[in-house]
Amino acid sequence: MKYHIWTIGCQMNVADSQRVASTLERLDYQSTRRAEDADVIVLNTCVVRQSAEDKATGHLNSLRPLKKRNPKLVINLMGCMVGPRNSAKLQSLFPFVDVFSPPADPGPLISYLTQAESRSLEEAETRQRFDIMDGELLLPAHERGRLVSANVPLVNGCSHACTYCVIPYRRGPERSRPVEEVLREVHSLVAQGVKEITLLGQIVDRYGKDLPEGTSLAGLLRRLQQVEGLERIRFLTSHPNWMTDELLQTTAELPKVMPHIEVPVQAGDDQVLAHMRRGYTADDYRHLIERIRTFIPDVAIANDIIVGFPGESAEQFQHTFYLLAELKLDVVHLARYSVRPGTVAARKMQDDVPEEEKWQRFRLIEELQEQIATEINARYLGKTVEVLFEGQVKGRWKGRTPTNKLVFVEATSAESLAEEPGQDLHGRVLPVAITWSGPWSMQGRFLLQLFQTDPLSPAPNGKQK
Ligand code: SAM
């Protein structure tokens, strides 16, 4: 029996899909890249923006003929499009879907399959089996021993309720996973070859607020630092209001925690920020960036921006533009505002910035950011950086710097320099001299002497291990 998973959206969805794959493989299903060959198709959806929802709907509709041809095919719609509540409306819209699952929950699909196939496992027993393995994630077969970097959900849901955002309605309130469960999962991932983990949460820096007193992201990072075989740790997304000095200090100190912070500002105008209910001003954000850069001097900072929020005037947009021009952050994830049903903005504000204007603002920031990223990345030219290699793309090895910059190295340069030709660099951290830089990636070459000595795992970021 074969399964096929289609995923759209954030890293949290990628992690959720991995969990579904893992549970299906425990039921002896095998992965297939081709939906046409599958017995079970899972569509893991995102509705954070209208464009993502449209893609999911389009993809779902494209499955209709497959189901018509093969009525035994099981189609599972999962994720934020379904949300935590009942799916009656979706059922009437998509009657060919067999199972609807909320985000992060393989349960409904597993119950359906175990019943449909009249397996001897009782539902309770099945649940128990999956509860037992919950802390230990068995990667799908095609990723075991190959996956270098894994996402680990840390805080599920969100309780902040920014006025534009549908996530709290779809993923439910904020719930932190217990420390021991996270540690077990990370240990099991490392045992399967993973070298880097990214801890995920809508507001990851709030980790532990709902757990026994004293639990914090900084404390968890210290525990994770001790995990043998784990090379790198990242965490995202942070909210500006919860980035404590302790967290920044810990990030700066711990060798495995990478100098990479994702902390969205969303807008650079105080009134727009207030309407978004973000809970800070542009000046607060300026000071935060200053603090981050003081604690972690070589840090890379990524940011999210929404253009065309209801009521955003040309002048207010300029405040966002100038804030970005001033702060020169490494990455901007850019979105045009889209109305999300049920949100405060959808109920109380008018989507009054014309689509064309949203596009224009989008392009202005895109161009600005291209210049900034070009400038920042050019500073890497001639320098040697430690790159964690994830795999090959078109004859080039692909990896990331501690600051999460994408680096490509000609595979042939590895082969000619390495003692054994064709060596597998998956999961290796190697020094690379940067020879070319662009706004979105860099190129480099390996350093000869490092292949003649021990090429493995120099300390990332120059910190002592
Ligand atoms: N929790 C994070 C935060 O602090 O905002 C990120 C969560 S969200 C999944 C990812 C990004 O989608 C947001 O940062 C925001 O820029 C964008 N987004 C959310 N709702 C949106 C909407 N209605 N229209 C356009 N972009 C939106």
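Which residue in E17 is the bridge partner of Val-409?

Author: The bridge partner of Val-409 in E17 is Gly-444. The model is a predicted one, in which local features need pLDDT of at least 70 and side-chain atom pairs count only at pLDDT 80 or more, whereas totals for chains, interfaces and linings use all residues. Residues are numbered from 1 along each chain as its sequence is written, and side-chain values use heavy atoms, with hydrogens and water left out.

Strand E15 (residues 406-410) runs parallel to strand E17 (residues 442-446), with three bridges between them; strands pair if DSSP finds at least two bridges between them. Helices (H or I, at least four residues) and strands (E, at least two) are DSSP runs, numbered from the N terminus. E17 also pairs with strand E16 (residues 429-437), here in the antiparallel sense and over five bridges. In that pairing, Arg-445 of E17 has Ala-433 opposite. The link from E16 to E17 is a hairpin of four residues. In a regular strand the side chains alternate between the two faces of the sheet.

Arg-177 lies in the loop between strand E7 (175-176) and H8. Arg-177 counts as buried because its relative accessibility is 6%, buried being under 20% relative accessible area, exposed over 50% and partly exposed in between (1.4 Å probe, protein chains only). The side chain of Arg-177 makes a polar contact of 2.7 Å with the side chain of Glu-181, and one of its polar atoms lies 2.9 Å from the backbone oxygen of Pro-153. A polar contact is a pair of N or O atoms within 3.5 Å; within protein, one must be able to donate a hydrogen and the other to accept it, and residues adjacent in sequence count only if both atoms are side-chain atoms.

The largest nonpolar core has 72 residues, of which Ile-197, Leu-199, Phe-235 and Ile-292 touch the most other members. Helix H8 (residues 179-191) gives the most to this core, namely six residues. Such a core is a set of buried Ala, Val, Leu, Ile, Met, Phe, Trp, Tyr and Cys residues joined through side-chain atoms within 4.5 Å. Beyond its neighbours within four places in sequence, Leu-199 is in contact (heavy atoms within 4.5 Å) with several residues, including Val-152, Val-182, Leu-217 and Phe-235. Apart from this core lies another, of 25 residues, with Leu-63 and Phe-100 among them.

Finally, helix H10 (residues 245-253) has Leu-247, Leu-248, Thr-250 and Thr-251 buried. These four are on the same side of H10, because they cover an arc of only 160° around the axis, taken from the directions from the helix axis to the C-beta atoms. The buried residues of H10 pack against helix H9 (217-225), strand E9 (232-236), strand E10 (260-262) and helix H12 (282-295).

As for the whole, the protein chain has 17 helices and 17 strands, and 54% of its 465 residues are buried.
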